[in-house]
Amino acid sequence: MAAPRGRTNLTTSRAHWIDRSTVVWQTGPSDGKRYDLVVAARGGLSIVDGEVVGSFERIALTARRDGLTEAQRQRFPHLRDHQSFAVPRAPVKEALRGQLVVTERDNEGTLLAATGVQIPGVLDDVYPGATTAPLGPALRGKRVRLAVWAPTARLVALELFDAPGDEPSLVDMLRDNRTGVWSASGPWRGKYYRYRVTAWQPATQSIRTASVTDPYSVALAADSTHSLVADLSDPALAPSNWDSLRKPPAVPQTRTHIQEVSVRDFSIADTSVPAERRGTYLAFAGDGAGMRHLRNLSAAGVTHLHLLPAFDFASIPERRADQAVPPCDLAALPPDSDKQQACVAEVADRDGYNWGYDPLHYTVPEGGYAVDPSARTREFRSMVAGLNGAGLRVVMDVVYNHTSASGADPKSVLDQIVPGYYHRLLPDGSVANSTCCANTAPEHAMMGRLVVDSVVTWARQYKVDGFRFDLMGHHPRENILAVRRALDALTVARDGVDGKAILLYGEGWDFGEVAGGARFTQATQANMAGTGVGTFNDRLRDAVRGGGPFDANPRVQGFASGLYTDPNGDPVNGSPSEQRARLLHQHDLIKVGLAGNLAGYRFTDSSGRAVTGADVSYNDSPAGYTAAPGESVTYVDAHDNEILYDALAYKLPPGTSATDRARMQVLALSTVVLAQGIGFVTAGSERLRSKSLDRNSYNSGDWFNQIRWDCADGNGFGAGLPPATDNQSKWTYARPLLADPALVPDCAAIALATARYQELLRIRASSPLFSLATAAEVQRHLSFPLSGPDETPGVLTMRLGDQIVILNATPAAATQTVPALRGAALALHPVLRESADPVARTSAFTAATGTFTVPPRTVAVFR
């Protein structure tokens with residue numbers, strides 16, 4: 001009898017070889033059945049007429065009645081219920097270099113089931129020495145050693161090139177059977193190279209030879225076609241005085257305030273920058289309008305500039321001459337037209353624009369951001385030096401959770417060197433893509449090592465001051481802590497940098513195949529409490545803006561967009577009583593956020609109950625989750641989702657004036673600037689930047705993403721309907737807004753928002769009370785004296801030692817009487833007495849009654 005077709009599929013890999021002595025497979029009862037590990041050194045196995053055919057050897061497996069050991073269940077929790085099979089002593093390392101299949105037969109030898117085998121677990125078990133073996137290029141004098149970990153390869157040869165277009169010369173590489181590392185040495189400084197790897201490739205079901213670049217590359221040819229042997233200590237690869245670069249003083253985590261920007265967005269439209277430098281690293285080394293603005297922000301209190309991905313990514317041509325441009329006069333089209341987005345889409349995959357969340361080589365700067373891709377190392381370092389000179393420390397957005405491709409795809413690097421190892425596999429052996437792309441597996445030892453090695457290289461060789469981990473919840477907590485330990489070990493004397501001063505934070509979202517700790521303890525929001533690593537606080541974000549990032553109707557209002565107090569009339573917001581109740585709950589979420597999102601922070605909520613931060617509900621999860629205020633990254637916008645101005649354009653009543661829109665923008669930003677912990681703002685939000693309502697502008701070209709530094713050019717609103725791919729479902733909401741010229745702010749509104757944001761920064765910097773270091777200090781100094789029955793919807797009053805902060809998000813003047821402050825010697829903060837907004841200057845305190853009066857749509861600080 002032939003085996004059922006569905007159970008004999010060799011293109012899937014449902015068995016797991018988890019260590020040298022154990023294979024697991026989710027099968028039925030094993031009594032009376034026989035199991036084998038089938039090894040085909042040269043591949044070629046198939047199922048013909050219900051039987052495995054090809055040239056192979058069998059290793060008999062023995063079913064274990066007790067299943068996995070507790071240690072194995074801890075290491076592989078997603079496999080805990082699988083059947084366990086003992087592997088006898090066998091030439092494991094040699095077996096791993098071919099095609100592997102596990103078979104199930106009945107007592108008469110009839111094939112019942114067969115499947116391929118996932119091998120990351122056993123590779124980690126039998127090659128522990130690989131975790132400390134030197135990898136990549138190592139230079140000593142004129143000699144170069146090149147080493148690559150390829151334990152499953154049948155053969156690896158080194159391809160050497162004088163120039164990328166030349167025919168290669170081949171050099172045999174030697175395999176170290178202890179580590180699985182292949183290496184070769186020679187006088188190859190300045191040579192281009194690739195590895196020619198012959199290995200079993202599950203994606204093609206064949207032994208395949210691939211020519212692939214080095215995952216430990218430190219330099220590349222243009223368009224990343226070849227790795228390049230380079231000495232990063234060569235003075236020619238650095239600006240002058242690089243070795244003696246003076247960094248801005250490190251600040252405590254709770255004093256950190258971050259501005260986020262894309263290298264290209266920053267200067268591509270800055271006409272004060274030389275044309276060839278626009279959209280490049282070198283724009284940060286000059287004196288254009290953008291850099292002058294950054295210097296002003298630094299002087300006011302911004303401490304770090306966060307760069308969207310600037311490592312080598314796959315999606316843009318690196319030579320400017322190869323980058324396509326939209327074949328339309330975009331500026332001549334109507335503000336609510338769909339023609340702009342259609343024209344941008346024509347060249348979207350051939351232009352010079354992408355956010356860069358599609359990694360190709362993790363530890364080389366992106367060549368498309370260099371004036372000359374061959375000078376990318378020097379130009380990146382020039383950017384760091386320029387920003388440090390402007391008083392800003394530099395953060396890199398790093399994306400180790402996925403790659404741009406996997407399998408035999410030409411843009412796949414890792415999976416062509418050790419197929420089936422570096423990526424996280426689903427139960428059938430396919431590559432997980434919950435992150436958007438091919439998920440990596442930093443729970444595997446050598447992927448985890450690559451993360452640590454790469455971060456340390458950026459810190460030591462490029463003097464990067466911080467790292468933001470994209471989708472950090474897809475990393476094991478231990479992997480992020482290993483990064484922290486490695487950075488902490490760096491010293492100025494030995495490494496040129498103080499690793500303990502390097503900032504770490506990331507997205508602690510919990511989703512996908514790893515959700516809920518399915519495979520390991522993740523680096524999620526709650527799990528990172530107590531580590532000192534920051535995570536983004538979506539609780540305050542949603543309460544301030546209103547709704548959430550995935551709302552079908554974008555008009556859901558929040559605290560800073562008029563919920564209840566300035567309704568926009570959309571039925572989605574519910575009845576007045578429903579709006580009031582939701583607004584007061586938003587008060588509580590914002591209070592927790594202002595207190596550093598501490599799980600244990602004690603206060604009175606809007607209903608009058610004594611609660612902690614963890615008691616407040618956010619989508620049925622605890623709102624508060626941090627153990628220290630510096631673990632909260634407070635924000636109301638980022639590159640993802642609608643930028644703040646666009647969110648408010650959807651949510652505020654349509655008739656709101658440009659000046660009042662600027663005031664509500666500042667009020668929303670004040671919840672970030674005046675909160676405990678790390679503040680985070682998208683570049684341009686302080687000057688009302690718009691992306692014409694585009695909620696996902698990763699591939700929307702310069703037209704929708706550029707920062708317009710000349711206010712006479714507007715703020716980007718009305719650049720046409722946003723690209724259809726991610727926005728068409730909202731075009732009915734967007735079209736009338738984009739057609740309204742009143743929603744394009746004038747220079748006065750932009751100047752007001754810019755000045756008011758800098759005022760807030762100066763207020764934050766004026767007192768250590770806005771950057772308390774511990775949960776105990778926050779509990780001692782920070783309170784909300786008018787919580788409960790005395791709470792005014794749309795108005796929040798926060799006491800911070802001798803500072804009183806009042807946020808009035810309503811369209812009417814607010815009075816807040818605090819009996820305990822009768823007779824107090826309080827006055828409007830000196831910065832606000834000279835405020836750029838004459839309305840803000842009218843904020844007042846009446847000592848006789850302890851009453852504060854704050855004008856509409858205004859944040860006021862008294863001391």
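Author: A disulfide here is a pair of cysteine sulfur atoms within 2.5 Å. The model is a predicted one, in which local features need pLDDT of at least 70, side-chain atom pairs count only at pLDDT 80 or more, and totals for chains, interfaces and linings use all residues. Residues are numbered from 1 along each chain as its sequence is written, and side-chain values use heavy atoms, with hydrogens and water left out.

Three disulfides are present in the structure. With the bonded cysteines of the protein chain numbered in sequence order, they pair as 1-2, 3-4, 5-6.

Take Cys 328 and Cys 343, which are joined with an S to S distance of 1.8 Å. The disulfide of Cys 328 and Cys 343 is right-handed because the torsion about its S-S bond is about 105°. This pair links distant parts of the chain, 15 residues apart: Cys 328 lies in the loop between strand S22 (311–313) and helix H6 (339–346), and Cys 343 lies in helix H6. Helices (H or I, at least four residues) and strands (E, at least two) are DSSP runs, numbered from the N terminus. For accessibility, buried means under 20% relative accessible area, exposed means over 50%, and partly exposed is in between, with a 1.4 Å probe and protein chains only. Cys 328 has a relative accessible area of 32% and is therefore partly exposed. Cys 343 has a relative accessibility of 1%, so Cys 343 counts as buried.

Cys 436 and Cys 437 form another disulfide, with their sulfur atoms 2.5 Å apart. The torsion about the S-S bond of Cys 436 and Cys 437 is about -85°, which means that this disulfide is left-handed.

The remaining pair is Cys 711 and Cys 747, whose sulfur atoms are 2.0 Å apart. The link of Cys 711 and Cys 747 is right-handed, with 95° about the S-S bond. Here too the pair links distant parts of the chain, 36 residues apart: Cys 711 sits in the loop between helix H16 (701–705) and helix H17 (724–727), and Cys 747 sits in helix H19 (residues 747–766). Cys 711 is partly exposed at a relative accessible area of 23%, and Cys 747 is partly exposed at 34%.

Now to the other parts. Helix H15 (residues 658–673) contains 16 residues and spans 22 Å from its first C-alpha to its last, close to the 22 Å expected at 1.5 Å a residue. That expected span is 1.5 Å times one less than the number of residues in the helix. H15 is mostly covered, with 15 of its 16 residues buried.

Strands S17 (residues 192–201) and S18 (residues 206–212) pair in the antiparallel sense over seven bridges; two strands pair if DSSP finds at least two bridges between them. Tyr 195 has Val 212 in S18 as its bridge partner. S17 and S18 form a hairpin with four residues between them, and Gln 205 in the turn has a positive phi of about 55°.
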